[in-house]
Amino acid sequence: MADRIILKGMTFYGYHGVLPGEKEAGRPFVVDLVLYLDLDPAGRRDDLDCTVDYSRVFDAVKRVVEGERFNLVETLASTIAERVLAGFPVEGVRVRVKKPVPPVGGIMEYAAADVRRWRKS
């Protein structure tokens, strides 16, 4: 599937991590999504019903990041992918969850988990 919608830089505040301080104080998480679907019908008809309403996708991702707690960003990314596949008419999704300023003993721009999931036929 070559067609895709990209949602980049969605930023939320969540309480995910292994360390107690991460679970108590929380931190920002940045989510990038690539939604794989056929955009030809939407392009031809100029009709939102033929595509994905990305404001609803944003809200779904926000509910996961801000409303649930996980130890691992891998679990957070996988959960977001599962929710998007379950709630929206996409064939596949790529989810990248970035954790800016991870708790390491030095300077690092971010740690991230990047997962790709496809609808089962």
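Val101 is exposed, with a relative accessible area of 59% (exposed means over 50%, buried under 20%, and partly exposed in between, using a 1.4 Å probe and protein chains only). You will find Val101 in the loop between β3 and β4. This is a predicted model, where local features need pLDDT of at least 70, side-chain atom pairs count only at pLDDT 80 or more, and totals for chains, interfaces and linings use all residues. Residues are numbered from 1 along each chain as its sequence is written, and side-chain values use heavy atoms, leaving out hydrogens and water.

**Backbone angles in loops**

- Most residues other than glycine have a negative phi.
- Val101 has a positive phi near 55° without being a glycine.
- Asp46 is not a glycine either, yet its phi is positive at about 55°.
- Asp46 sits in the loop between α2 (40-45) and α3, and it is exposed, with a relative accessible area of 74%.

**Helix α4**

- Helices here are DSSP runs of H or I with at least four residues, strands are runs of E with at least two, and both are numbered from the N terminus.
- Helix α4 covers residues 73-87, and its 15 residues should span 21 Å at 1.5 Å a residue, which agrees with the 21 Å between its end C-alpha atoms (the expected span is 1.5 Å times one less than the number of residues).
- Buried residues of α4 include Val73, Leu76, Ile80, Val84 and Leu85.
- The buried residues of α4 pack against β2 (27-36), α3 (54-67), β3 (92-100) and β4 (110-118), where contact means heavy atoms within 4.5 Å.

**Salt bridges**

- The structure holds 6 salt bridges, each a side-chain nitrogen of Lys or Arg within 4 Å of a carboxyl oxygen of Asp or Glu.
- One of them joins the side chains of Lys98 and Asp32, at 3.5 Å from N to O.
- This pair links distant parts of the chain, with Lys98 in strand β3 and Asp32 in strand β2, 66 residues apart.
- Lys98 and Asp32 are both buried.
- Arg44 and Asp40 meet in another salt bridge, at 2.8 Å from N to O.
- Arg44 and Asp40 are about one helical turn apart because they are 4 residues apart in helix α2.
- Arg44 is exposed at 67% relative accessibility, while Asp40 is partly exposed at 35%.
- Asp114 and Arg94 also form a salt bridge, at 2.7 Å from N to O.
- Asp114 lies in strand β4 and Arg94 in strand β3, so this pair ties together parts that are 20 residues apart in sequence.
- Arg94, Arg96 and Asp114 are linked in a network of salt bridges.
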